[in-house]
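Work through the exercises below with the model open. Each task is followed by a stepwise solution.

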Amino acid sequence: MRTAIVGHRGVGKTFFLRRVQSYFEKESRKVLCLDLDGEIEKRSGRTLHDIFSKDGESAFRWLELETFRALDEETKSLDHDVYLVFGAGFDPSVIPETWRCVWLRRVTDANGRIFLDRPRLDPSLTALDEFQSRYLAREPRFASRADEVLWLDEGLENSDEAEGGFVLGDLRSIGGAVTVMPSQFNRDMYFESWARSRMNWGLSWFELRDDLLTPDQMEKAIRFLPDDRVLVSFRDESKAEATAKFVERHALAFDWPVEFGPAIWGEPRFHSLHERREGESINDALARFPREILPGAQLKAALPVRSFDELREGDLWVRQMSDSRIFLPMSSDGRWSWYRLLQGNSYALNFVRDFEASAADQPTLLQWARRGKVTSPRPAFAAILGDPVSHSRTPMEQFAFFAAREAPVLAIRMNESEWDSGLAFLQSRGLSWAAVTAPLKKHAFESCKKWDAVAQELGAVNTLVWDEEFGEWRGANTDREGFSSVIEAEKAEGPLGKIAVWGGGGTLTVVKSVLPEAELFSVRTGENRTPSGVAPADFSPDTVVWAVARSRAEASRVPSSWKPRLVIDLNYSEDSPGRDYAIEVGCRYISGLAMFRAQAEAQRRFWETR
């Protein structure tokens, strides 16, 4: 098989290619892994930067296409697998259907990325605007050509058993359900190969929804799917009679929505509820389910959930009759995917995101496959708590540590107003370890009964562990160790000179404790908050510690008189405004990734001894 790898700039295609090589090598299987950009440089004898800067983008696109055509011809007769990574700007519609096309995605694609080491494509725009303008154009092009979509986790860089199973076709007995989408019928023979691979994975259900698929698509689907794993879901009331005839004709299991009233035919395998009436509580909505169902049937509540208190109500409803109830919380932004992932295959029906998501809260395939390694239906678990957390690397950074303890690591979005009730609920469900981000660190401190010395000094906790013996939280702060490691490494290379801290928020106490000599400037006002009170216009720092996220970056501009030679960013997100600033002033940049990894290692040491 020849596989084309496409995806947005910076999604991780090159790292993925290296992992593909390692998966094949581990199995002693031959594979040819190629990077189109690398082939262009090798065959032309020029760097991409040189081609872009001297010849322009249009010339590069022509060279890119010609190089691919040559590779296509050269690899046609090979008797082993070929993987070829394409640049984000390559037009995927010209990739022949003799190639399987895999679209690599990350949830942070939509946020945008700022690159310090790649050719600029449109210098008239900011680096972030440049990415986002092309993101909007490229997204539908990838969607129209992709045969497979693989959602990558943030921070996935090393070999991963779940990803290796996808690449080598070795995923087995993963359970879960997928919704068949209309786009899967776009090309001849595609659906058959898609269905065959998913059946090999051991999926429990293939859902056919009558509001998404045409009758012809549903008929085609069942030609390639086993009858005992097809679930027909009634979702369009105007089609109910026609769908009922389809179900009867093929003797298929079906899901009937409570919103439609009593089922017009047969006995549903699942009675589902998807809507809440205006002003209706979760419990009031759940009361609309039928009081009696046949043995083996299930009640499935896929309801909009707006808070941890509502999540608790649905969770309690499930636990009252866990053998016949399913609770799949819904949100517009996917914030409850961790809850669905935690439930895993303990539910008779739980959906996995495949290609397109029919609901934002569906876990991705790789997340689901990793969860399958945890055998307990209600395991102790670890989490990153904060807002936002979609960009967090913690689940992958701490995965191996907690996998040894059969505990999943979940990304859980939580704001300050939700802290007390949310933490209590999570602990009741098995939360035993947590990393905590700003602005929740002071709340975490107040929730603990014992702290390490640094947490006591700073009045902030970024690391929690539940002490089962005493029934209490214990906390630590590893932020200072992480930040100190970065500062010490830089000082070993030379003096930092005059230091300005731009922003701060919940990290300000840490920065001040490590760099007491720094001048602290408010993002909101631009004023100096240190006793010296030196005005920004009269101060020219050699080093700027960037301590503000993008959501607050535009509140004030850094003084134009500043010309630092180094920016140390406390953020590691790829859309951090600290990257923008480093590009603007033309100085060296250090990402917050080094700090993150150092403090994460310190977290593991704390968890290990508790």
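**Exercise 1.** Find what the side chain of Asp 35 reaches at the start of H2.

Solution. Take a side-chain oxygen of Asp 35: it comes to within 2.9 Å of the backbone nitrogen of Asp 37. The model is predicted, so to speak of local features pLDDT of at least 70 is needed, side-chain atom pairs count only at pLDDT 80 or more, and totals for chains, interfaces and linings use all residues. Residues are numbered from 1 along each chain as its sequence is written, and side-chain values use heavy atoms, with hydrogens and water left out.

**Exercise 2.** Determine which residues of helix H2 (residues 36-44) are buried, and where they lie.

Solution. Step one: list Leu 36, Glu 39 and Ile 40 (buried means under 20% relative accessible area with a 1.4 Å probe, protein chains only). Step two: their arc around the axis is only 105°, so they sit on the same side of H2 (the arc is taken over directions from the helix axis to the C-beta atoms). Step three: they pack against strand S2 (31-35), helix H3 (48-55), helix H4 (57-75) and strand S3 (81-85). Step four: Gly 45 follows H2, with a positive phi near 70°.

Key
Buried < 20%, exposed > 50% of the residue type's maximum accessible area, 1.4 Å probe, protein only. Helix = DSSP H or I, 4+ residues; strand = E, 2+ residues; numbered from the N terminus. Contact = heavy atoms within 4.5 Å. Polar contact = N/O pair within 3.5 Å; in protein donor to acceptor, adjacent residues only side chain to side chain.
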